[in-house]
Amino acid sequence: MKLQEFNQLLVRLSEQPLLADEAKALRDVATVLEQHADADVDALVAKLSTVKIKAKAARKVAGGSKGPAKRKPKFTPAEIEQATSEAIEKVRSSFYDDEAFRAAITEITSEARVDKNGAALVFATFFPPNLLAEGTAKRSVLKQLKDERQTKVLRERRIGSAPEPQS
């Protein structure tokens, strides 16, 4: 059987009642096989049995490459230190104001110059660093900072040593 005949069979199958992604898959294979209409199916099967097919995520089926992978921006140690200092100051100035604290954490989360080490330093400025797990991701460090801060603020408000929230 020639690939042209097999291709026609695939097209007819794709027109049958199938799930949308199944019909699309059959049409995609048919489109690729159109280029090799004169070859035998047996030759194709023999060739495909020797080829390793990469995972779908590892390659793009049609349309070529997207180009080189994007790299994280590189920052100088001074820029990183400055951003970390600013993050510490934001947390310090908003520590007892719930809304301002949430805004500060959101801003620190999106700040690329504050990495997980910078977030750990922010945490260690306000809480004992031994509370923090080793190698914790930036988001996890900031979540733990929010949780520890919430506990501390509520405890201090309960005993009357923290400022009351502003309405």
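This is a predicted model: local features need pLDDT of at least 70, side-chain atom pairs count only at pLDDT 80 or more; totals for chains, interfaces and linings use all residues.
**Entry 1: the fold**

I started with the secondary structure: the protein has 7 helices and 0 strands, where helices (H or I, at least four residues) and strands (E, at least two) are DSSP runs numbered from the N terminus. Reading from the N terminus, I get α-α-α-α-α-α-α. Residues are numbered from 1 along each chain as its sequence is written, and side-chain values use heavy atoms, with hydrogens and water left out.

Next I looked up burial. Of the 167 residues, 23% are buried (buried is under 20% relative accessible area, exposed over 50%, partly exposed in between, with a 1.4 Å probe and protein chains only). The exposed surface comes to about 12,500 Å², and carbon and sulfur atoms supply 55% of it; the areas come from the Shrake-Rupley method with a 1.4 Å probe, and for residues only the protein chains shown count as cover.

I also checked contact range. Among contacts with a separation of 6 or more, 59% are between residues 24 or more positions apart, contact meaning heavy atoms within 4.5 Å.

**Entry 2: helix 4 against helix 5**

How do helix 4 and helix 5 pack? Helix 4 covers residues 77–94, and I find its axis 8 Å from that of helix 5, at an angle of about 165°. Axes here are lines fitted to C-alpha atoms, for helices over the stretch in contact, and angles run from 0 to 180 degrees between N-to-C directions.

The crossing is left-handed, i.e. the near helix is turned anticlockwise from the far one by less than a right angle, with clockwise giving right-handed. On the helix 4 side I listed Ala87, Lys90, Val91 and Ser94, which meet Ala100, Phe101, Ala104, Ile105, Glu107 and Ile108 of helix 5. By class that makes 7 nonpolar, 1 polar and 2 charged residues (Ala, Val, Leu, Ile, Met, Phe, Trp, Tyr, Cys and Pro count as nonpolar, Asp, Glu, Lys and Arg as charged, the others, Gly among them, as polar).

**Entry 3: Ser94**

Buried or exposed, I wondered about Ser94? This helix 4 residue is buried, at a relative accessible area of 4%. Leaving out residues up to four places away in sequence, Ser94 touches Ala100, Phe101, Ala104 and Arg149.

**Entry 4: helix 5 against helix 7**

I moved on to helix 5 (residues 98–110) and helix 7 (residues 138–159), whose axes come within 11 Å and cross at roughly 165°. That makes them roughly antiparallel too, but this crossing is right-handed. From helix 5, Asp98, Phe101, Ile105, Ile108 and Thr109 take part; from helix 7, I noted Lys138, Arg139, Leu142, Leu145, Lys146, Arg149 and Arg157. The class count is 5 nonpolar, 1 polar and 6 charged.

**Entry 5: Ile108**

Which residues does Ile108 touch, beyond those up to four places away in sequence? I get Ala87, Val91, Val114, Lys138 and Leu142. Ile108 belongs to helix 5 and counts as buried because its relative accessibility is 2%. From Ile108 to Gly118, 10 residues along the chain, the C-alpha distance is 9.8 Å.

**Entry 6: helix 4 against helix 6**

Helix 6 (residues 116–126) packs on helix 4 at about 40°, axes 9 Å apart, so I file the two as oblique. Helix 4 passes helix 6 in a right-handed crossing. The contact joins Thr84, Ala87, Ile88, Val91 and Arg92 to Gly118, Leu121, Val122, Thr125 and Phe126, which divide into 6 nonpolar, 3 polar and 1 charged.

**Entry 7: Asp38**

Last, a loop residue: Asp38 lies between helix 2 (20–33) and helix 3 (41–48). Asp38 is exposed, at 66% relative accessible area. I also checked Asp38 against Met1: they are 37 residues apart in sequence and 9.8 Å apart in space, C-alpha to C-alpha.

Definitions and conventions:
Angles under 35 degrees count as roughly parallel, over 145 as roughly antiparallel, 65 to 115 as roughly perpendicular and the rest as oblique.
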